[in-house]
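I set out to record what could be looked up in this structure. The entries follow in the order in which I made them.

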Amino acid sequence: LPDRGKSFAQAVEAHESTLLSTLSERLGAEQYASRIGVRALRGALGPHLAARWAQQLAAISSALEARISETQKQLEKPPLATESLDDFAERFSRAVHALIKGTV
């Protein structure tokens with residue numbers, strides 16, 4: 001099917017044209033040509049896909065806006081530290097030590 005000088009889309013289009021002309025010859029009519037093939041499928045599915053895309057975009061956009069708003073609120077009022085600086089330094093040092101020990 002693919003030819004070295006053609007892109008995949010061009011090869012599909014050429015093959016589709018060949019199949020459509022063969023079908024038209026065998027049926028003796030071209031009445032089904034507009035219903036068959038990739039172009040016909042795109043034409044039939046296009047409006048449905050565009051509507052679904054718009055619906056998903058709206059849902060995702062509102063979810064992202066809510067997430068951004070929540071994150072901004074959290075950044076404005078970060079939680080207070082519940083451990084002392086010495087406790088944090090000790091915990092951090094143990095974690096770094098365990099990490100280095102595990103890689104050596």
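I looked up the largest pocket and found about 240 Å³ of space in it. On a 1 Å grid over the protein atoms alone, a pocket is an open set of points where a 1.4 Å probe fits, with protein on both sides within 12 Å along at least five of seven lines, and lining residues have an atom within 4 Å of a point. The volume is the space filled by probe spheres set on the points. I listed the lining as Ala 9, Val 12, Glu 13, Glu 16, Ser 17, Leu 20, Val 38, Arg 39 and Arg 42. Of these residues, four are nonpolar, one is polar and four are charged. Helix H1 (8–27) and helix H2 (38–76) each supply at least two lining residues, and H1 gives the most, with six. Helices are DSSP runs (H or I, at least four residues).

I searched the whole structure and noted three salt bridges, each a side-chain nitrogen of Lys or Arg within 4 Å of a carboxyl oxygen of Asp or Glu. Arg 39 pairs in this way with Glu 13, with 3.9 Å between the closest N and O atoms. Because Arg 39 lies in helix H2 and Glu 13 in helix H1, the pair ties together parts 26 residues apart in sequence.

The model is predicted; local features need pLDDT of at least 70, side-chain atom pairs count only at pLDDT 80 or more, and totals for chains, interfaces and linings use all residues. Residues are numbered from 1 along each chain as its sequence is written, and side-chain values use heavy atoms, leaving out hydrogens and water. I noted a mean pLDDT (the predictor's confidence in each residue, from 0 to 100) of 87 for the chain, with 94% of its residues at 70 or more.

Definitions and conventions. Nonpolar A, V, L, I, M, F, W, Y, C, P; charged D, E, K, R; others polar.
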